[in-house]
Amino acid sequence: MNNQQDIICFIDLLKKNRVEIPIIQRDYAQGRKNSLTILRHFLNALKYSLDEKKEVRLDFIYGDIMDDCFQPLDGQQRLTTLFLLHWYAYMKEKRFNEENRDLLLKFSYETRISSRDFCKALVENCIEIDIGNDVISDTIIDSNWFFLSWKKDPTITAMLNAIDEIHYCFKENHTLWDELVKQRYISFYYVELQNIGLTDDLYIKMNARGKLLTNFEHFKADLQKKCTEELWEIDRNTQEKFSFKIDTKWTDCFWKYFKKDNKVDIAHMAFMTAIIMVRIVLERHDDRISLVQKLQDNTEFINSSLISLETFQYIEQCYDLYAKIDVEDEKFLISFPMWRHEIKRNILSSIIFDESNYTIGRSDSSYTLKVLFFAHTEYLLRNEKFDHDRYLEWMRVVRNIVSRADVDRDGKRSDIIRSPQTFIGVINLINELAEGCSDIYRYLNSTGTIKSTFAKEQVEEERIKAKLIKDNPNVKTLLWKVEDNQLLRGSIKFVLYCVDYDKNKILDLDLVTRIQKVFELYFNDEEERITPNLRRAFLCTSVDGAYEFYNYWWSRWTVNSMTKRKLLDNYRELEYIMYNDEREYFKNLVLNLTDCNLEDYVNSSVLPDSMPNWKKRLIKDKQILDSAKSNYIAISEDNSCCYILKSRRPRDMEGCFRIE
């Protein structure tokens, strides 16, 4: 594709070719009432240039030449406003001659027949422009050549609004035509994309045709303006510029994977929001908490003021990265469980949209998914050669870090990343660990102090795993099986406790293997309810002669002043027990289950004579717990009996079953 680039003014473009806004393009939008602020900024910039006799160079306008007619792919809005500005100068200063008229007639709209006819009639018919009148659109509408049906054409109504704005801005300029045509103060980059094949499909991709400019288009224009003002791309040719690539190869990628209703603007907004959130964490310190929160709540909060040169360059890196790879390649699939953060399609789609909820202004992806996206992106950016095994090791370590959250005694377990503060902490940690993402276990085993203190305990556990794998590479598969358990969720800490690793620093592989099978058999399905058999098993497990695992939960039954306990009501309570003072009960139960199954363990348990009879009955009489209305019991002060409560907070004793 041989693309020609020139710097020309509007009248030069008309001298070269006819200019036709093709039918597939959007309506003229700069003149819409809710877009007049943007139009006024644009006109004021042009007025300043002319008043100060300074050249202004607009961003590039590019398109294809079809049958000696230039069809813009990008720049339709600016071209239309420039056409109206030239028409205004032509009409106000009465520059009537055949040459000027024929030039202006070379601009045409094909979005509707009415738009085309209006542009033609506007040039061919003279109107008197009174500088004492602020509104001249009424004069046009009242002309005998103006069809009232044209007022239903959104392009024409927008043009009429724009003409009034142009009149207000330039009515005192009496040399406007010469400044535009002879002095050529206003110019733009002009690019002919030869043989690109501007099909209807491509126009829809580039323009996301709709009735209004989208928030993404406003943001894109604002960012392009900042690029120009900050000279971020001064040494680049047109094809290397952000504004060119966002409308071509980057959008091609998003169009392929993430279009909906022939639009990709929402996908772009979500993508950049996730990146900007990360960069705010890494670059800013004063207001990053509030900024991260605002962006998480609403993608439309993004604006160019949030983007530094470093952020801009990182955004480009990310776009270039995903534009050149197949984001749905099976090599990027995560082959281990992600639990509540399971990736539905691929990691990129997880932060861009959920097909069932693709909503303007909403950041549907969680903080955690954005962290996983950042980790995934960092690996791809830092490793030119993709190593599938090393990639999975890296993502596994990240998964373990973002999956470890505190659980309370009622089994409630929230996400670890649920606030901007924790998002900031984990992004800084992942950014630090990413230095070793090409071989994360080697990095964890060899690096010195890790500066970040976020998730310190889990990071230390990952370093223990790295050491174990270094000492014996064959242990890796076993450790992965352990940490992939639904209950353990990335942590092997409790299993190491069960084999007394903390004391002797020697890993009993046979015992770990048997413990892993116990967890796989009995503690690997969060959807499965806690069984009465498991409750009985805990009741017949002792620690130092005591059979009181239920001490992990305490309350008071005010009806008769008994101590209220709970016999495992929630699956996640098991996790709570693993990491509190009652963990020895869980350890002993797991070790016992390495030699027999759950039911045999309960049936064969020899209970001490000193055990209260009510407790023996709960263990040996299956019917009691099998038919219990709740998992709460109340124990008398003298330990002579208990009540199986009918609910968590019964207000009376009716329906509560006494066991002696």
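**Helix packing and a few buried residues**

Okay, let's start with Arg78, which touches Gln30, Phe42, Asp59, Phe60 and Ile61, leaving out residues up to four places away in sequence. By touching I mean contact, that is, heavy atoms within 4.5 Å. Before I go on: this is a predicted model, where local features need pLDDT of at least 70, side-chain atom pairs count only at pLDDT 80 or more, and totals for chains, interfaces and linings use all residues. Numbering runs from 1 along each chain as its sequence is written, and side-chain values use heavy atoms, with hydrogens and water left out.

Back to Arg78. Where does Arg78 lie? Arg78 lies in helix α3. Helices here are DSSP runs of H or I with at least four residues, strands are runs of E with at least two, and both are numbered from the N terminus. Is Arg78 buried or exposed? Arg78 is buried, at a relative accessible area of 17%. The cut-offs are under 20% relative accessible area for buried, over 50% for exposed, and partly exposed in between, using a 1.4 Å probe and protein chains only.

Staying with α3, let's look at how this helix packs. In general, you describe two packed helices by the angle between their axes and the distance between the axes. Helix α3, residues 76–92, and helix α7, residues 154–170, have axes that come within 10 Å and cross at roughly 60°. The axes are lines fitted to C-alpha atoms, for helices over the stretch in contact, and the angles run from 0 to 180 degrees between N-to-C directions. At that angle, α3 and α7 are therefore oblique to each other. For the classes, under 35 degrees is roughly parallel, over 145 roughly antiparallel, 65 to 115 roughly perpendicular, and the rest oblique.

By class, the α3 and α7 contact has nine nonpolar, three polar and one charged residues. Nonpolar covers Ala, Val, Leu, Ile, Met, Phe, Trp, Tyr, Cys and Pro; charged covers Asp, Glu, Lys and Arg; the others, Gly among them, count as polar.

Now a second pair. Helix α13, residues 265–283, packs with helix α19, residues 420–433, at an angle of about 80°, with axes 9 Å apart. That makes α13 roughly perpendicular to α19. On the α13 side the contact uses Met277, Val278, Val281 and Leu282, and on the α19 side Phe423, Ile424, Ile427, Asn428 and Asn431. Sort the residues of the α13 and α19 contact and you get seven nonpolar, two polar and no charged.

On to Glu179, which sits in helix α8, residues 176–181. Glu179 is buried at 5% relative accessible area. Leaving out residues up to four places away in sequence, Glu179 touches Leu50, Lys53, Asn173, Arg184 and Tyr185. Glu179 and Ser49 are 130 residues apart in sequence, with 10.0 Å between their C-alpha atoms.

What about helix α12, residues 249–258? Seven of the 10 residues in α12 are buried, so that helix is mostly covered. The buried ones are Trp250, Thr251, Cys253, Phe254, Trp255, Tyr257 and Phe258.

How many disulfides does the structure hold? The structure holds zero disulfides, a disulfide being a pair of cysteine sulfur atoms within 2.5 Å. Cys318 is in no disulfide, and the nearest cysteine sulfur, that of Cys253, is 12 Å away. Cys318 is buried, with a relative accessible area of 0%. Cys498 is in no disulfide either, the nearest cysteine sulfur being that of Cys596 at 15 Å. Cys498 is buried too, at 3%.

Most residues other than glycine have a negative phi. Leu231 is not a glycine, yet has a positive phi of about 60°. Leu231 is in the loop between α10 (215–229) and α11 (242–246), and counts as exposed at 52% relative accessibility. Ala455, not a glycine either, has a positive phi of about 50°, and its place is the loop between α20 (440–446) and α21 (456–471).
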